[in-house]
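Please read it with the sequence and the coordinates at hand.

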Amino acid sequence: MRKILVGLACLAVLGAACGGDDTANTPGDGAAAGGSTTLTAADFSFDPTSLSAAPGDSIDYTNSDDVEHNFTVEDLGIDQDVEGGKSATIDLGHAAPGTYDFFCKYHKDTMTGTLEVTG
């Protein structure tokens with residue numbers, strides 16, 4: 001019986017040591033996969049209206065309104081719809097350094113901003 005308990009204890013220790021943190025290297029946490037910046041759509045406007053990110057980073061986009069919004073950066077080929085009350089992660093991939101305009105294609109009159117991709 002004692003050998004079984006010792007064996008189970010060893011398995012538990014090994015399992016804990018190998019399990020790790022599932023979020024340790026996910027995009028957006030500043031790990032090797034890149035960092036992230038936060039963007040919120042609320043009251044038919046973006047907050048903030050100026051974003052700064054590096055190639056490989058992501059944008060954590062939350063739509064706090066009850067209607068669908070969008071995040072479009074035409075020059076980067078980004079066109080992401082986000083249902084009301086939902087969130088999305090937008091990968092900037094290999095975006096070239098530069099300054100890009102972004103907007104909601106459904107509410108372009110009030111929802112615009114600027115994204116600076118730094119080298």
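## Basis of the description

Helices (H or I, at least four residues) and strands (E, at least two) are taken here as DSSP runs, numbered from the N terminus. The model is predicted, so local features need a pLDDT of at least 70 and side-chain atom pairs count only at pLDDT 80 or more, while totals for chains, interfaces and linings use all residues. Residues are numbered from 1 along each chain as its sequence is written, and side-chain values use heavy atoms, with hydrogens and water left out.

The pLDDT, which is the predictor's confidence in each residue on a scale from 0 to 100, averages 81 over the protein, and 72% of the residues score at least 70. Over residues 1-32 the pLDDT is below 50, and this stretch has 15 contacts in the model beyond near neighbours in sequence, a contact being heavy atoms within 4.5 Å.

## Overall composition

Among the contacts with a separation of 6 or more, 46% are between residues 24 or more positions apart.

Of the 119 residues, 28% count as buried, where buried means under 20% relative accessible area, exposed over 50%, and partly exposed in between (1.4 Å probe, protein chains only). The accessible surface comes to about 7,300 Å², and carbon and sulfur atoms contribute 52% of that surface; these areas come from the Shrake-Rupley method with a 1.4 Å probe, and for residues only the protein chains shown count as cover.

## The four-stranded sheet

An open sheet with mixed pairing is formed by four strands in the order β2-β1-β4-β7, two strands being paired if DSSP finds at least two bridges between them. Because β2 (45-47) and β7 (87-91) stand at the edges with a single partner strand each, one side of each is left without a neighbour in the sheet. Neighbouring strands of this sheet are turned against each other by 25° on average, direction ignored, with axes taken as lines fitted to C-alpha atoms, for helices over the stretch in contact, and angles running from 0 to 180 degrees between N-to-C directions.

Five bridges connect β4 and β7, which pair in the antiparallel sense, and S58 stands opposite D91 in β7.

## N63 in strand β4

Strand β4 (residues 58-63) contains N63, which is buried, with a relative accessible area of 1%. A polar atom of the N63 side chain lies 2.8 Å from the backbone oxygen of V67, and the backbone oxygen of E83 lies 3.3 Å from a polar atom of that side chain. Both are polar contacts, defined as pairs of N or O atoms within 3.5 Å; within protein, one atom must be able to donate a hydrogen and the other to accept it, and residues adjacent in sequence count only if both atoms are side-chain atoms. Leaving aside neighbours within four places in sequence, N63 is in contact with residues including A41, H69, V82 and G85.

N70, located in β5 (residues 69-73), counts as buried at 0% relative accessibility, and its side chain reaches the backbone nitrogen of K105 at 3.4 Å. Among the contacts of N70, apart from neighbours within four places in sequence, are F46, Y61, D79 and F103.

Strand β5 is joined by five bridges to β6 (residues 78-82), and the two run antiparallel; the bridge partner of V73 in β6 is I78. These two strands form a hairpin with four residues between them, and G77 in the turn has a positive phi of about 70°.

## Backbone features around β2

Most residues other than glycine have a negative phi, and most peptide bonds are trans. In the loop between β1 (36-42) and β2 lies D43, which has a positive phi of about 55° although it is not a glycine and is exposed, with a relative accessible area of 66%. F44, found in the loop between β1 and β2, likewise is not a glycine and has a positive phi of about 60°; at 37% relative accessibility, F44 counts as partly exposed.

A cis peptide bond, with omega about 0°, joins D47 and P48. P48 lies in the loop between β2 and β3 (50-53).
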